[in-house]
Amino acid sequence: MEPNNSGSGLAIASLVCGIISIIACCCWFLGLTLGILAIIFSVIYKKQGGHSGMATAGLICGILGVILSASLLIFSRSVAYLDGPSYNYLLDVLDSL
């Protein structure tokens with residue numbers, strides 16, 4: 001009898017995308033996209049009735065990759081916004097305290 005491997009490719013894809021999303025979180029677009037794909041692949045695999053540790057690890061890594069990518073995106077945009085007149089105003093306000 002052959003083992004039932006239907007959908008195990010989704011678990012592997014989820015894990016690979018999740019790991020790469022963590023590594024590529026500094027490139028926010030790539031990290032965010034791969035993290036979301038890892039989450040989607042893991043959810044699809046689990047809805048098909050699969051019980052694999054790889055899918056669970058892929059889900060966790062995907063969520064972590066999305067959080068890191070989004071955090072770095074927000075941080076970089078806020079730093080870019082503060083670079084200029086508003087940054088000097090913020091320093092003046094902090095100095096007055």
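This note goes through the predicted model point by point, from the overall fold to single residues.

1. Fold. The protein chain has four helices and zero strands. Its pattern along the sequence is α-α-α-α. Of the contacts with a separation of 6 or more, 70% join residues 24 or more positions apart.

2. Confidence. The model is predicted, and the mean pLDDT of the protein chain is 85. A value of 70 or more is reached by 84% of its residues. Confidence is highest in helix H1, residues 8–23, at a mean of 94. It is lowest in helix H4, residues 85–96, where the mean is 74. Please read any detail in H4 with that value in mind.

3. Surface and burial. The protein chain has 97 residues, and 23% of them count as buried. Its accessible surface is about 6500 Å². Carbon and sulfur atoms supply 73% of that surface.

4. The H1–H2 pair. How do the axes of H1 and H2 cross? They cross at roughly 155° and come within 8 Å. An angle over 145 degrees counts as roughly antiparallel, so H1 and H2 are roughly antiparallel to each other. The crossing of H1 past H2 is left-handed. On the H1 side, the contact is made by Ser8, Leu10, Ala11, Ala13, Ser14, Cys17, Gly18, Ile20 and Ser21. On the H2 side, the residues are Gly31, Leu34, Gly35, Leu37, Ala38, Phe41, Ser42, Ile44 and Tyr45.

5. Gly31. This residue sits in helix H2 and is among those that H2 brings to the contact with H1. Is Gly31 buried or exposed? Buried means under 20% relative accessible area, and Gly31 is at 0%, so Gly31 counts as buried. Beyond its neighbours within four places in sequence, Gly31 is in contact with Ser21, Ala24, Cys25, Gly65 and Ser69. One of these, Ser21, belongs to the H1 side of the H1–H2 contact. Ser69 is 38 residues from Gly31 in sequence, yet the two C-alpha atoms are 5.7 Å apart.

6. Ser52. Where does Ser52 lie? It is in the loop between helix H2 (28–47) and helix H3 (53–82). Despite its place in a loop, Ser52 is buried, because its relative accessible area is 16% and the cut-off is under 20%. Leaving out neighbours within four places in sequence, its contacts are Ala11, Tyr45 and Lys46. Ala11 and Tyr45 also take part in the contact between H1 and H2.

7. Lys46. Lys46 is in helix H2. Its relative accessibility is 35%, so Lys46 counts as partly exposed. Lys46 and Ala11 are 35 residues apart in sequence, with 8.7 Å from C-alpha to C-alpha.

8. Points to check on the model. Look at Gly31 beside Ser69, at 5.7 Å between C-alpha atoms. Finally, view H1 against H2 at the crossing of roughly 155°.

Methods
Residues numbered from 1 in each chain as written. Predicted model: local features only at pLDDT ≥ 70, side-chain atom pairs only at ≥ 80, totals over all residues. Heavy atoms only, no water. Helix = DSSP H or I, 4+ residues; strand = E, 2+ residues; numbered from the N terminus. Buried < 20%, exposed > 50% of the residue type's maximum accessible area, 1.4 Å probe, protein only. Contact = heavy atoms within 4.5 Å. Areas by Shrake-Rupley, 256 points an atom, 1.4 Å probe, with all protein chains shown as cover. pLDDT = per-residue confidence, 0-100. Axes fitted to C-alpha atoms, helices over the stretch in contact; angles between N-to-C directions. Parallel < 35°, antiparallel > 145°, perpendicular 65-115°, else oblique. Left-handed = near helix turned anticlockwise from the far one by under 90°.
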